[in-house]
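Please study the sequence and the three-dimensional structure shown here before reading on. The explanation is meant to be followed with both in view.

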Amino acid sequence: MSKLEQVQEWTATHQADLAYISDPRTIQYLTGFYSDPIERVLALVVFADQDPFMFAPALEVEAIKETGFKFPVYGYLDHEDPWQLIATQVKTRVANPKQIVLEKNQLTVDRLEQLKRVLPTTSFDKDITPYINQLRVIKTPDEIEKLNIAGKWADFAFEKGFAAVKAGRSEQQVVAELQYALMKEGIMQMSFDTLVQAGAHAAEPHGATNATKFKQNELILFDLGTIWDGYISDASRTVALGTPTAKQREIYDVCLEAQLTAQSAAKPGMTAAELDQVARSIIDKAGYGEYFIHRLGHGMGMSEHEFPSIMAGNEMVLQPGMCFSIEPGIYIPGVAGVRIEDCVHITDSGCEPFTHTSKELTYVG
């Protein structure tokens, strides 16, 4: 049974007339087509007992057909009312739809109101998001192979980025150089904005890469990922330019122990919360618990942040095929920031990483 057929079966089982799928990544997962429609409307409409259809901006219609999507595709022009056109197509198949399920974690209030405007007698109270999460959380061998290839390109990016670091150069220059090296190899997109953060700037976990210049005797944080056939990589390394201070080295060593211990511990049967605690307890014991200010990890696959979260309070049991990051971090304002991260997939007896760049402290420049 295809993924699309599974969604159709779920829709019928939950006594809904149809599912309105609007997350571009879910549409890609179910059909193979991806586009970010920005302000325009892109939707996959899956009926309980009829063929689905895609609705898209007119400029996307041919691209959808080229993916091999074998069902109807309807386009609209910018001056047309997309919601009325969607309602018309729905009503040609279900004259009076009573229940439509939605991805509630993705649909804006405005767009829900638009659907209610054109389908005023329909209920939209059911959420298909938890089912989509469960469908996507266990990766197939084919998906894992794509994630492995994306991971190899992340390793390539680290190699080029580390080689580009020199005192006096900027974070932005290094990002440009490593991404240019990838583009020359045909890797045209990163899975998220590449982070290169020098010294105290790295104490901002999501601080954007900027014009900060590298100085001798500081740590430099890299966080990057690539895309391969729709699947992403995501990894972090922290390297040293010159000789780090004793405090910086201590932070690094604690973070490394937490990451290696958690990655070694990850296996089927333990919970996400238990795995988070493995890493967190090491950082807490070293006296840096207040500086570990995010969850241990997040799911990944087609998106950099997927279900589930590897964090305290999540009693979800890890199973073979689950893919997620293991990324402890210590961020001390004005001093340094260290994060070390691999994404892994759970195997029958443990886990395997998608990236293999050394995690021992690397000296660059």
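The paragraphs below treat the nonpolar cores, a hairpin, an open sheet, a helix and the cysteines.

This is a predicted model, in which local features need pLDDT of at least 70 and side-chain atom pairs count only at pLDDT 80 or more, while totals for chains, interfaces and linings use all residues. Residues are numbered from 1 along each chain as its sequence is written, and side-chain values use heavy atoms, with hydrogens and water left out.

We begin with the interior. A nonpolar core is a set of buried Ala, Val, Leu, Ile, Met, Phe, Trp, Tyr and Cys residues joined through side-chain atoms within 4.5 Å. Buried means under 20% relative accessible area, exposed over 50%, and partly exposed in between, with a 1.4 Å probe and protein chains only. The largest nonpolar core has 35 residues, and those with the most contacts inside it are Leu275, Leu296, Leu318, Phe324, Ile326 and Ile330. Among the elements that each supply at least two residues of this core are helix 9 (246–265), helix 10 (272–285) and strand 14 (329–332). Helices (H or I, at least four residues) and strands (E, at least two) are DSSP runs, numbered from the N terminus. Helix 9 gives the largest share of this core, seven residues. Apart from this core lies another, of 32 residues, including Val7 and Ile144.

Phe324 illustrates the packing. Not counting residues up to four places away in sequence, Phe324 touches Leu275, Leu318, Cys343 and Val344, among others; contact means heavy atoms within 4.5 Å.

Strand 14 comes next. In a regular strand the side chains alternate between the two faces of the sheet. Strand 14 runs antiparallel to strand 15, and four bridges join the two; two strands pair if DSSP finds at least two bridges between them. Within this pairing, Ile330 stands opposite Val338 in strand 15. The two strands form a hairpin with three residues between them, and Gly334 in the turn has a positive phi of about 80°.

Elsewhere, four strands form an open sheet of mixed pairing, in the order 6-7-10-18. Its edge strands, strand 6 (195–198) and strand 18 (363–364), each pair on one side only. Strand 6 and strand 7 (residues 218–224) are antiparallel and share four bridges, with Ala198 opposite Ile220 in strand 7. Helix 8 (residues 171–184) packs on the sheet, touching strand 6 and strand 7, and its direction makes about 150° with that of strand 6. Such angles run from 0 to 180 degrees between N-to-C directions, and the axes are lines fitted to C-alpha atoms, for helices over the stretch in contact.

Is helix 2 (residues 24–31) enclosed or open? Seven of its eight residues are buried, so helix 2 is largely enclosed by the rest of the structure. At the start of helix 2, a side-chain oxygen of Asp23 reaches to within 2.9 Å of the backbone nitrogen of Arg25. Just after helix 2, Gly32 takes a positive phi of about 90°.

Finally, how many disulfides does a search of the whole structure find? The search finds zero, a disulfide being a pair of cysteine sulfur atoms within 2.5 Å. For Cys255, the nearest cysteine sulfur, that of Cys343, is 15 Å away. Cys255 is buried, with a relative accessible area of 0%.

Definitions and conventions: Polar contact = N/O pair within 3.5 Å; in protein donor to acceptor, adjacent residues only side chain to side chain.
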